[in-house]
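This report describes how the parts of one protein chain are arranged. Please look over the sequence and the structure below before reading on.

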Amino acid sequence: MSRILVVTSGKGGVGKTTTTANLGMALAQRGHKVAVVDADFGLRNLDLLLGLENRIVYTAVEVLAGECRLDQALVRDKRQPNLALLPAAQNRTKDAVTPEQMKKLVGALTKAFHYILIDCPAGIEMGFQNAISPAREAIIVTTPEVAAVRDADRVVGLLEANDVKRMYLVINRLKPAMVEQDMMMSVKDVQEILAIPLLGVVPDDERVIVSTNRGEPLVLSENPSLAAVAFSNIVRRLEGEKVPFLDLTAPQDDLFSRLRRLFRGRSKP
């Protein structure tokens with residue numbers, strides 16, 4: 001049975017698309033047939049991060065309109081044949097697709113793929129509703145910042161209300177030095193606020209920018225950075241392996257106790 005996961009956050013700019021690209025590639029490297037779906041209609045970026053932007057002919061919208069077959073819209077990655085991208089249309093708005101249509105699209109993908117990762121747009125409007133509608137599991141990506149964690153907390157409540165019960169946390173762009181200086185929330189702070197299982201912690205890494213510009217996910221590197229190792233470990237945990245977390249955390253400080261109080265009453269939709 002295929003695993004359908006939505007990669008979401010609420011807040012924009014926390015690294016959802018980077019996470020989707022790297023996890024998709026790492027899963028494909030492990031021999032799984034993987035489809036990554038860009039659900040950000042109007043502002044697609046997943047193709048850029050995978051370096052597949054010049055090979056797009058059709059998008060999900062043409063599939064739904066009956067203008068092409070699903071297999072014609074899928075863009076296969078030449079570096080990793082197990083990975084395929086279903087791109088979003090740049091010239092359509094987020095309400096061009098309905099949740100029922102997304103369910104139909106993803107349902108068709110389950111016939112050929114072991115994993116389907118849906119890259120969710122920012123916000124909690126129609127684009128979010130479309131992306132989560134076919135999902136059975138969710139990966140919540142957040143950075144250790146107050147605004148990002150608050151938005152992630154809101155998304156957890158919305159996912160619960162939509163019957164997505166299996167959720168995992170990825171903390172992105174952690175800067176251990178800032179945590180030690182009480183200038184950034186620690187992993188423990190974020191965990192206590194969101195109260196969902198921790199899947200991985202990805203350190204802040206300048207090579208993410210380089211890999212994004214080149215269209216080469218970090219996990220493809222022959223000399224993997226700490227961030228690349230973190231993404232690979234996330235995939236191993238997703239598959240049930242017991243993998244120790246990289247030592248990136250710093251001691252918790254009372255400076256953030258007020259933040260925990262702020263989030264105690266989780267908002268519901």
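A nonpolar core is a set of buried Ala, Val, Leu, Ile, Met, Phe, Trp, Tyr and Cys residues joined through side-chain atoms within 4.5 Å. Buried means under 20% relative accessible area, exposed means over 50%, and partly exposed lies in between, with a 1.4 Å probe and protein chains only. The model is predicted, so to speak of local features a pLDDT of at least 70 is needed, side-chain atom pairs count only at pLDDT 80 or more, and totals for chains, interfaces and linings use all residues. Residues are numbered from 1 along each chain as its sequence is written, and side-chain values use heavy atoms, with hydrogens and water left out.

**The cores**

The largest nonpolar core has 53 residues, and Leu86, Leu109, Ile116, Ile118 and Ile140 touch the most other members. Helix H7 (residues 146–161) gives the most to this core, with six residues. Helices (H or I, at least four residues) and strands (E, at least two) are DSSP runs, numbered from the N terminus. Another core lies apart from the largest one; it has 37 residues, including Leu23, Leu52, Ala148 and Val202.

**The sheet**

Eight strands form an open sheet of mixed pairing, in the order S3-S4-S2-S5-S1-S6-S7-S8. Strand S3 (75–76) and S8 stand at the edges with a single partner strand each, so one side of each has no neighbour in the sheet. Two strands pair if DSSP finds at least two bridges between them. In general, strands of a sheet pair through backbone hydrogen bonds, either parallel or antiparallel. The table lists parallel pairs in this sheet.

| Strand | Partner | Bridges | Sense |
|---|---|---|---|
| S2 (residues 34–38) | S5 | five bridges | parallel |
| S1 | S5 | five bridges | parallel |
| S1 (residues 3–8) | S6 | four bridges | parallel |
| S6 | S7 (residues 166–174) | six bridges | parallel |
| S7 | S8 | five bridges | parallel |

Val7 has Asp119 as its bridge partner in S5 and Ile139 as its bridge partner in S6. Asp119 of S5 also stands opposite Asp38. Thr8 stands opposite Ile140 in S6. Further along the sheet, the bridge partner of Glu137 in S7 is Arg166, and Leu174 stands opposite Pro203 in S8.

With five of its five residues buried, S5 is largely enclosed by the rest of the structure.

In S6 (residues 137–142), six of the six residues are buried, so this strand too is largely enclosed by the rest of the structure. Glu137, Ile139 and Val141 point one way from S6, while Ala138, Ile140 and Thr142 point the other way. S6, H7 and S7 together make a right-handed β-α-β unit. A crossover is right-handed if, with the strands pointing away from the viewer, the path from the first strand over the helix to the second runs clockwise.

Strand S8 (residues 198–203) stands at an edge of the sheet. Six of its six residues are buried, so S8 is largely enclosed by the rest of the structure.

**Ile116**

Ile116 is found in strand S5 (residues 115–119). Its relative accessibility is 0%, so Ile116 counts as buried. What does Ile116 touch, not counting residues up to four places away in sequence? Ile116 touches Arg3, Ile4, Leu5, Ala35, Val37, Val106, Leu109 and Thr110. Contact here means heavy atoms within 4.5 Å. Ile116 and Ser2 are 114 residues apart along the chain, yet their C-alpha atoms are separated by 7.3 Å.

**Helix H5**

Helix H5 (residues 99–109) has Met102, Leu105, Val106 and Leu109 as its buried residues. They cover an arc of only 90° around the axis, which puts them on the same side of H5. The arc is that of the directions from the helix axis to the C-beta atoms. Glu100 and Lys104, on the other side of H5, are exposed.

**Cysteines**

A disulfide is a covalent bond between the sulfur atoms of two cysteines. Counting a pair of cysteine sulfur atoms within 2.5 Å as a disulfide, the model has zero disulfides. Cys68 counts as buried at 9% relative accessibility, and Cys120 is buried with a relative accessible area of 3%.
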